[in-house]
Each structure stands twice: as C-alpha cells, then as structure tokens.
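This report walks through several places in one protein model, one after another. Please keep the sequence and the structure in view while reading.

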Amino acid sequence: MEKCAVRLAKTVGYVSAGTVEYLYSEGGSFHFLELNPRLQVEHPCTEMIADVNLPAAQLQIAMGVPLHRIKDIRALYGESPWGDHPIAFEGPSNAPVPRGHVIAARITSENPDEGFKPSSGTVQELNFRSNKNVWGYFSVAAAGGLHEFADSQFGHCFSWGENREEAISNLVVALKELSIRGDFRTTVEYLIKLLETESFQTNETDTSWLDHLIAEKVQAEKPDTMLAVVCGALNVANASFRTCMDDFLHLLERGQVLPAASLLNIVDVELIYEDTKYVLKVARQSLTTYVLLMNGSHIEIDVHRLNDGGLLLSYNGNSYTTYMKEETDRYRITIGNKSCDFEKEKDPSLLRAPSAGKLLHYTVEDGARIYGGHSYAEMEVMKMVISLTVEESGIIRYVRRPGTLLEAGCVVAQLELDDPTKVHLAQLHTGGLSPQPALPILGERLHQVFHNVLENLQNVMNGYCLPEPYFSAKIASILDSHAATLQRKADREVFFMNTQSIVQLVQRYRSGIRGHMKSVVLDLLRRYLQVETQFQQAHYDKCVIILREQHMPNMTPVLECIFSHAQVAKKNLLVTLLIALFKQWGPTEEASPTDVLTYTELVLDAQGKMVQLNRLPGGNEIGMVAFKMKLKTPEYPKGRDIVLISNDITYKIGSFGPAEDLLFLRASELARAEGIPRVYIAANSGARIGFADEIKTKFQIGWVDPADPYKGFKYLYLTPQDYTRISSMNSVHCRHVEEAGESRYIITDIIGKEEGFGVENLRASGTIAGESSLAYDQIVTISMVTCRAIGIGA
C-alpha cells in the first residue's frame with residue numbers, strides 16, 4: 001500500500017505531505033478511495049510514531065530543501081541528522097520502523113443518543129491535561145462556544161503506547177479525565193464505550209461495525225441509577241433554592257416585597273429515567289446538609305455548592321462532582337465523566353400551565369371536541385394574554401375554574417385522547433432510597449456531641465426545617481438524646497483555673513451542665529424572638545419595609561430573617577418542645593386552675609339597655625355579640641376582666657345595622673366605665689343594605705317606549721290593588737297619576753317595614769368610629785380581623 005501511494009503521488013506530480021486512503025479486505029487486497037493532497041488533522045499520529053515534524057518538513061520542502069537534507073527525515077532512515085549524502089528512499093539500507101502505536105479520537109459536539117445529531121452552544125468548562133503519552137488540542141475554551149455554522153469537531157486527542165493495547169488504555173484514561181460542560185452533548189462518553197468493546201480491543205472491526213453497534217442501541221456507560229436519581233434530585237432542588245433566594249433578594253433590593261412562603265426550603269422533585277418515575281422531596285437541614293425523602297425512606301447528604309454552579313456531594317462513602325443542564329423537555333445530569341438524561345413528564349392528556357399566571361377563560365366548552373394545535377384557553381401572564389393549545393385531538397375536561405391563579409406546571413384541563421396510544425406513562429418507582437451511613441459527628445466527646453446538636457437546633461431557628469412528620473421526630477430525637485447525655489451535675493469548683501479561657505468556661509458552666517443547657521435553650525428562644533418579633537408590629541409587607549430601611553443597603557440580613565420567618569410554623573414545634581423541656585428543669589409548679597376562663601354574655605333588652613346573662617347557643621337575633629370575660633394567667637392568677645365584642649357572621653353575613661351599632665356602643669362604654677381592655681374580633685360585611693321584600697315582587701315599570709325597553713324607563717309604580725295592600729305598612733311613599741288609560745301609584749320613597757333598611761345603617765355606623773376613638777384614648781383596645789372586614793368594620 002505504501003509503494004502504491006508513492007507511485008500514485010509521482011504519477012500525478014504531487015510533492016509534499018499527503019494521504020492516500022484505501023479499503024482493506026481480510027484477504028489482503030486493498031482498494032483505492034482517495035488522495036488528500038494536504039496535511040490531515042490526524043498528522044500527529046504519523047509524527048508520534050516517526051518523530052517527524054510534518055509541518056516543519058512541509059515548509060522546508062516549499063523552501064527548496066531536498067528531502068534527504070531534512071534532519072527529521074534523515075533520523076527516521078537511520079542516517080546522521082547533520083549529514084548531506086542522498087538516501088535511497090525506494091530501497092533504503094535502514095527501512096523506517098514505527099515507534100509504538102498511536103490512536104486518535106475526534107471530539108465532536110454530537111449527540112450519540114439522537115443519531116449523532118450536531119448541536120451548538122456555549123462552553124462553561126473545558127478541562128484537559130496532556131501528558132507524556134496523550135496529547136490533545138481544542139478549538140474552544142471555557143466561556144467560549146460553538147456556533148451553528150462551525151464544523152462539529154472542536155477537539156482531537158492522540159494517545160501513544162508501546163503497543164495497541166497500551167495506546168487504548170492511555171486514551172480511555174485520558175477521555176475519562178476530560179471534563180467538558182456546555183449547552184451541547186459530546187461524543188466523549190460514547191468513544192470510551194467504543195474503546196472498551198471487545199471487538200475493538202481484539203481489533204475485529206470492519207466498515208459495518210459502528211452501524212451494527214448503533215442498530216443495537218449501544219450507549220455510553222451511564223452512572224449508577226440510584227446515584228443518578230440522588231444527584232438529579234439534588235441538582236433540581238438546589239436550582240430551585242438558588243432561584244427563589246436570588247429572585248427574592250433582587251426584588252427586595254428594588255423595594256418589592258414577596259410573600260415569605262416564596263422562600264422555599266422543601267422542594268418536590270419528579271424525575272423520569274428509563275421509563276421509571278421517581279418522586280422525591282428534598283429539604284435543607286442546613287446550608288450544606290440536604291435530606292432526601294422517597295416512599296417512606298430518607299437519607300442525609302452532605303452537599304457543597306461550587307463556584308461554577310456544580311455540586312460536590314458525598315454518597316455511599318464516595319465524593320462526586322455533579323452538574324445539571326436544564327433543557328426544554330429534560331434535565332441532563334453529569335456525574336464525574338458520565339452523564340444521563342432525566343425526562344420531564346410529557347403526557348398529552350394532561351394540559352399544564354406553561355408558567356404562573358391567571359386563567360382568564362376557556363375558548364371551548366367543557367366536554368367539547370378539540371383538534372391538535374387549536375387553542376383551548378387563555379391565561380394572563382405578566383399583564384400579557386397568551387393562548388394555551390393542545391398537541392393532540394380529543395375531548396376536553398376542565399380541571400381549574402376561570403379566574404384561578406395557576407402555578408407553573410399545574411394541570412389546567414384533561415384531554416380524553418382520540419388515540420389513547422399517544423400516552424406513554426412511566427412506571428412509578430415504589431422502592432426506597434439506599435440506606436446511607438449517618439453523617440459523622442466531628443468527635444465523640446461530650447462537648448463535641450453537644451455542639452453538633454446545638455448547631456442542628458440553631459439551623460432550625462434559622463429556617464432550615466424538615467417536612468412533617470420527619471421534623472417533629474428529628475427534633476424530639478435530638479432533644480431526647482442530648483438531654484440523656486447531660487443528666488449529672490458537674491462540680492462548679494472543678495473548673496477553677498488561672499487562665500482566662502478556662503475562667504470563661506467556668507463562667508459559662510457556673511450553674512453546672514444543666515445550668516449551661518438552660519442558658520443555651522434560652523439563647524435559642526431569644527434567637528426565635530429576635531426574628532419573630534420583627535413580624536408582630538404590623539402587616540407582613542410593612543414589617544419587611546421596616547427591616548429593609550434598617551439594613552440599607554445590605555439586604556442579605558433581611559433575606560435571612562424572612563427565610564427564617566417563613567418556617568415559623570415548624571419552628572413553633574421546636575420552641576414548644578424547648579419550653580416543655582425547660583419547664584422540666586425548673587421547680588415544681590402548682591396545678592393550673594380549672595376556671596381559667598369565665599364569662600357572661602352582654603345582651604340588649606327590649607328598651608335598648610344592656611343586661612348580663614348567659615343564653616343558649618344560637619339565640620342571637622342581631623349580627624353582633626358581646627361578652628364580659630375573666631381570664632386567669634400566670635401573670636394574673638386571680639384573673640383579669642375584659643370586654644369582648646365580635647360580629648356574628650351567621651346573621652345576615654355579619655352586616656351592620658342600628659341594633660348592631662347600639663350593642664357595640666353599650667359594650668364599649670362598659671369597658672371604658674370599668675377601665676378594662678376592649679377586644680374586638682372583626683368579621684363583617686360592612687353597613688347593611690336591605691331589601692323591602694314586600695315591594696320587590698309587586699312593583700311595575702313605566703317604560704319610555706313599551707315597545708322598545710332599550711330606550712329606558714321613567715319610573716317605578718304600583719297598581720291600585722298592590723298599593724292598597726302595602727300602604728298600611730307605611731313602607732312606601734307614592735304619587736298618584738293617570739297614564740296609558742290606567743291608574744298608577746308612582747313610587748317616590750321606599751322606607752321598608754323593618755328598621756335597619758338603608759341610610760340609617762351608614763349613619764349609625766359612625767357611632768362605632770366615634771366610640772372606638774374614645775376607647776383608644778382611655779383603655780387598652782385590641783382589634784383583630786379574622787377573615788374579612790369592610791368599611792367602618794375594618
């Protein structure tokens with residue numbers, strides 16, 4: 001083949017480096033493919049086995065230097081490098097012998113799982129280190145990228161070995177150490193798989209070999225499934241945690257206030273891998289400790305965020321570096337030098353909201369047939385209206401009502417597909433997580449265990465709470481185990497030393513271990529109060545604004561405070577346990593009184609005077625109730641009187657009328673007269689707007705044009721018969737006219753037969769405002785809105 005290649009080059013008069021390609025058959029015959037009259041990208045293969053610098057040799061030939069005068073060529077043929085006598089290239093005395101074996105691997109931006117489809121995008125990381133046996137070069141670097149008009153090859157690796165087996169081994173190691181992260185897939189993992197196949201190792205490949213592997217869907221080596229699930233869940237959760245924190249902080253710096261609940265510490269994660277669906281919860285126990293829960297099992301993972309967006313985690317006693325790239329329909333997870341794809345659930349029968357917003361209306365009827373590509377609803381997103389469409393045809397069924405606020409990904413409607421085979425649901429994984437050894441405590445001595453437990457409790461106070469029921473069980477376990485280690489009292493004199501550090505330690509333990517534990521618990525409770533008192537002075541939004549003004553321009557402490565407050569319900573569980581534990585260490589307390597609350601109801605009699613009595617429930621006849629109560633507390637063991645006033649929303653939805661206003665006035669006057677606190681629980685619908693039911697069914701309309709009602713009406717009137725029936729009630733004033741050949745009584749005023757019908761309700765409601773102003777100046781007043789309060793009632 002070599003001689004034929006030389007003869008071909010001479011025949012066409014070609015000079016310089018070139019490559020002739022053949023097809024070689026098992027019988028030893030070979031067939032010409034092409035001549036490349038240039039330097040090939042694989043030229044380092046020749047250079048590494050021949051020790052000839054081909055580009056340098058090309059330049060020397062172009063300069064007119066004879067081939068036998070080139071130093072590298074003379075050394076290849078066993079001649080003195082600095083000699084000048086000619087070399088018989090066609091019959092040399094020292095025929096060139098290749099030094100070792102070289103394998104080249106092209107690195108391309110192609111996806112082996114999608115038929116080697118090329119792709120483009122940016123590069124976040126490219127890390128390759130050449131060594132004495134493997135050399136490589138790349139046309140891009142970190143923070144660079146590949147555009148859609150470029151060739152898919154962006155790198156080349158060359159591996160040398162004493163023999164073919166060693167060259168393969170060196171290349172596999174180098175490719176496994178090669179780290180490439182970007183917006184595109186590469187062939188690196190697939191190349192490793194090819195190099196490790198038995199047919200390539202034994203050199204039994206032919207032109208159909210790769211096609212055969214592709215047909216058999218041979219894939220690159222994937223990471224362990226459960227390791228991939230854990231890394232995938234941690235990456236998805238970490239991205240959610242970072243996004244919500246960054247968005248909250250960004251808006252906070254701009255003066256906007258989001259609900260505290262938007263600061264997530266627990267994330268639901270769904271991953272689909274090889275037609276199996278894994279449903280997990282991921283929660284943070286601290287900045288670096290994540291808890292994963294799946295099907296009743298849970299594990300703790302030590303996780304550290306890297307500056308480049310990756311995660312360094314410990315799993316099964318090993319350390320792993322993992323990254324995530326979220327794509328439209330999948331998550332691509334990289335673990336070390338292996339990667340795998342988790343699909344997002346794609347069920348065309350479940351119509352989901354593409355983003356958060358408000359469902360405006362459906363464009364088709366519930367139960368109607370809709371065809372693929374057509375719109376079924378419209379939703380409002382950031383003041384823009386977008387259409388929601390279906391991919392397949394079928395019968396639509398509503399799930400959400402128009403006007404509902406939608407979260408991204410929530411199901412809006414369901415589609416009964418015309419072709420049910422379009423749905424391919426993944427099987428739900430019912431197993432648990434592989435048990436992991438508990439995260440080690442740094443030291444087993446008493447003070448080291450204590451500080452570890454204390455750190456856990458402080459993390460809870462900082463808002464890193466686990467979901468129920470694990471939270472209560474975890475905290476109870478921490479408290480019980482820690483309390484069990486601290487039962488003995490230490491001798492206070494033991495720690496008397498001369499050095500300052502020991503003296504400080506003695507001071508901390510001046511009341512013994514239990515006394516120190518009390519002070520630690522008190523510090524935890526103070527930490528709780530330090531956060532929660534910030535949110536007791538006003539509405540949440542106003543409290544955040546006050547915090548923001550206090551910490552300008554650094555918003556990080558504000559963010560941390562809000563994040564902790566968002567978990568107040570779970571922190572309350574810990575505080576309750578701590579208080580109960582604290583009480584166990586204190587002196588025995590007397591039994592609590594049984595009559596901690598006694599009361600009598602305040603009721604208006606027939607003359608509008610207030611009397612005290614206790615009625616059976618349900619006996620109220622107006623939309624307001626009042627009580628005089630005696631409350632016994634540790635601070636007031638003999639009791640303290642208050643007046644409690646509240647709307648009764650079971651009576652005309654708690655609206656105000658003259659009777660309600662009068663009861664409020666008399667009860668509040670009692671509180672002022674006795675100098676006791678007045679508590680008002682507001683739950684009302686404002687001043688009552690009544691209906692004269694006796695008129696509603698009887699009035700007639702005097703149209704401008706009876707033939708065309710759209711021209712409007714002139715008045716409302718009663719017939720003589722109806723007027724005769726109603727006039728005795730004195731609920732309406734009328735003016736008599738004769739019109740259209742009949743007698744009519746035009747309605748001028750509607751008074752209503754019952755008190756509390758109209759404007760008098762507005763007038764009397766002013767009484768509440770005036771009385772509340774007096775009470776505010778003279779006694780303690782507390783007003784609480786439990787659900788709604790409108791107008792004066794607010």
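This is a predicted model: local features need pLDDT of at least 70, side-chain atom pairs count only at pLDDT 80 or more; totals for chains, interfaces and linings use all residues.

Ser319 belongs to strand 16, which covers residues 318-326.

When the neighbours within four places in sequence are set aside, Ser319 is in contact with Leu312 and Leu313. Between Ser319 and Val303 there are 9.8 Å in space, taken from C-alpha to C-alpha, and the two are 16 residues apart in sequence.

In soluble globular proteins, nonpolar side chains tend to be buried together. The largest nonpolar core of this model consists of 33 residues, and Leu234, Leu292, Ile301 and Phe342 are those with the most contacts inside it. At least two residues of this core come from each of several elements, among them helix 9 (225-253), strand 11 (266-273), strand 14 (297-305) and strand 18 (338-343). Helix 9 gives the most, with 11 residues.

## Helix 2 and what covers it

Which residues of helix 2 are buried? In this helix, which spans residues 43-50, they are Pro44, Cys45, Glu47, Met48 and Ala50. The cover over these buried residues includes helix 3 (54-62) and helix 4 (71-76), together with strand 3 (101-108), strand 7 (134-138) and strand 9 (153-161). After helix 2 comes Asp51, which has a positive phi, near 55°.

Four strands form an open sheet in the order 23-22-20-25, and their pairing is antiparallel. Strand 23 (384-389) and strand 25 (405-406) are the edge strands, each of which pairs on one side only.

Within this sheet, strand 20 (residues 357-362) and strand 22 (residues 375-381) run antiparallel and are joined by four bridges. Tyr362 stands opposite Ala377, a residue of strand 22.

Phe699, Ile701, Trp703 and Phe713 make a nonpolar surface patch of about 350 Å². Of these, Ile701 lies in strand 33, residues 700-703, and Ile701 counts as partly exposed because its relative accessibility is 32%.

Technical notes:
Residues are numbered from 1 along each chain as its sequence is written. Side-chain values use heavy atoms; hydrogens and water are left out. Buried means under 20% relative accessible area, exposed over 50%, partly exposed in between (1.4 Å probe, protein chains only). Contact means heavy atoms within 4.5 Å. Two strands pair if DSSP finds at least two bridges between them. Patches are made of residues with over 30% relative accessible area and no salt bridge: like charges are joined within 9 Å, nonpolar side chains (Val, Leu, Ile, Met, Phe, Trp, Tyr) within 5 Å. Accessible areas come from the Shrake-Rupley method with a 1.4 Å probe; for residues, only the protein chains shown count as cover. A salt bridge is a side-chain nitrogen of Lys or Arg within 4 Å of a carboxyl oxygen of Asp or Glu. A nonpolar core is a set of buried Ala, Val, Leu, Ile, Met, Phe, Trp, Tyr and Cys residues joined through side-chain atoms within 4.5 Å.
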